[in-house]
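Work through the exercises below with the model open. Try each task before you read its solution.

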Amino acid sequence: MKKPTPSSPLVNLAWPTMAALFLSSCAGMTPGANDESGAPVPAKWNAGGMKGMALDTAALPKWWERFPDPAMSQVIAEALRASPDIRTALSKIREARATRGVERAALFPQLDAGLSAQASREDRRGSPATTSENYGASLDASWEVDLFGKQRQNVRAATADLAQSHENFHAVQVSLAAETATAYIDLRTAEAQLAVLESSIATREQTVQLTQWREQAGQGNALETQQAITSLEQARTAVPSLKQTIAQTKNQLALLASKPPGALDKLLARTRPVPAPPSRIALGIPAETLRQRPDVRAAEHAVNAAFFRTKAAQAERYPSLNLSGSIGVEALKAGRIFSPESTAASILGSLAAPIFDAGRIKQNINIQNERQKQALITYESTVLTALSEVENSLIAIQRTSETLEVVNRAVVAAREAAKLASQRYEAGDVDLLNVLDAQRTLLSLEEQQVNNAGNRASAHIQLYRALGGGWGPGF
């Protein structure tokens, strides 16, 4: 994002928020007479006490490659290549480019060519019939001279629209990459939950077998056996739901990649652990993040487009100059059209100024002024949303990391407790309820461990999305 020049509308209309963004500081420019107050961009992030480091913009376009999972990278690459959202955004770029071409064409004269032919026959009583032919060609030109820059402002507005469509395309890339990565994390989280559950089921099957042996040996009873079977079947009830989640998430990934259901099953067939996020985050300062985010850049171009359209509406108050000219030839035979019997030429210039239009021009200016204010409000909202998303992502990363550390220690203790309870039950020192309770606690903590690992990875994905990662010149 380039720094505004004195001719840029942002110099005259920007809020302190915008000034802080473009100057990479908290000092805003002097607001204009119609400016409204905006929120300044902070100099550093608040969440977690993390200090801003240099933002590695070269690593942001393909941030998912920092996760050690080539399958995730391949799925994201497929989505970015063929997603309907990507194709729609590209079509809108071509539409905006054609619209700008239409506006630019209005700056130049319009030239039209015409050919005409006429034949007549007259029959008079007592006289021979007479026929006549007449052929003509003409070249007509018309031009509305852009005396006061109305059309040039429209061209600038269309150019800003085109730039905005490019940034919107980049924003689609950012959202699509993050959405695909999040779905992939959900898939691996569900698979890890299923593995934990299957391990717990295997342990409970061993417990059932042990209680049956003890009952047969006269050391146990039928109640303990039925309690063990109940615990086993209770664990098994969660298996179909997890398998459903896994299958549906694979279909979701196929949909994001614009493929039919099951098209990615071969790629995703191998079960992988939840991808571990990178240990270091190149965070940067808030102003760097805002410059990187395509939605902020798109909002800036929208402000520019609204500014230029306001200028074009104001130019309607001034006179307009129209020039027109025509050259025509006539011949009595078609073959002599280039050696005509007569030639005529004309040129006309007219200058017209609005006198009375019942307030149409004034109201149109008011409309454009309000649209300009709306664009500025949208810009401020986009900036605040961007700052909030980064802060929330940082909080999520810190808290999920803290929770995961605690859960990891709890899982180690729970595994040891379950092992000891099983050994003591086999030796007859404790009853079965101690074993079942230890197994339930272990399963619950292992599920929390998997969920928190997935939440931590998802929090990193959301941070990369908030930082504006997922697009670049190579896309």
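L147 is partly exposed, with a relative accessible area of 42%. Here buried means under 20% relative accessible area, exposed over 50%, and partly exposed in between (1.4 Å probe, protein chains only). The model is predicted: local features need pLDDT of at least 70, side-chain atom pairs count only at pLDDT 80 or more, and totals for chains, interfaces and linings use all residues. Residues are numbered from 1 along each chain as its sequence is written, and side-chain values use heavy atoms, with hydrogens and water left out.

**Exercise 1.** Place L147 in the chain.

Solution. Look between β2 (127–145) and α5 (150–216). L147 sits in the loop there. Helices (H or I, at least four residues) and strands (E, at least two) are DSSP runs, numbered from the N terminus.

**Exercise 2.** Find the salt-bridge partner of R293, and decide whether each side is buried or partly exposed.

Solution. A salt bridge is a side-chain nitrogen of Lys or Arg within 4 Å of a carboxyl oxygen of Asp or Glu. The partner of R293 is D295, at 2.6 Å, N to O. R293 has a relative accessible area of 5%, so R293 is buried. D295 has 26%, so D295 is partly exposed.

**Exercise 3.** Describe the salt bridge between E370 and K373.

Solution. The N to O distance is 3.7 Å. Both residues lie in helix α10, three residues apart, about one turn of the helix. E370 is partly exposed at 39% relative accessibility. K373 is partly exposed too, at 34%.
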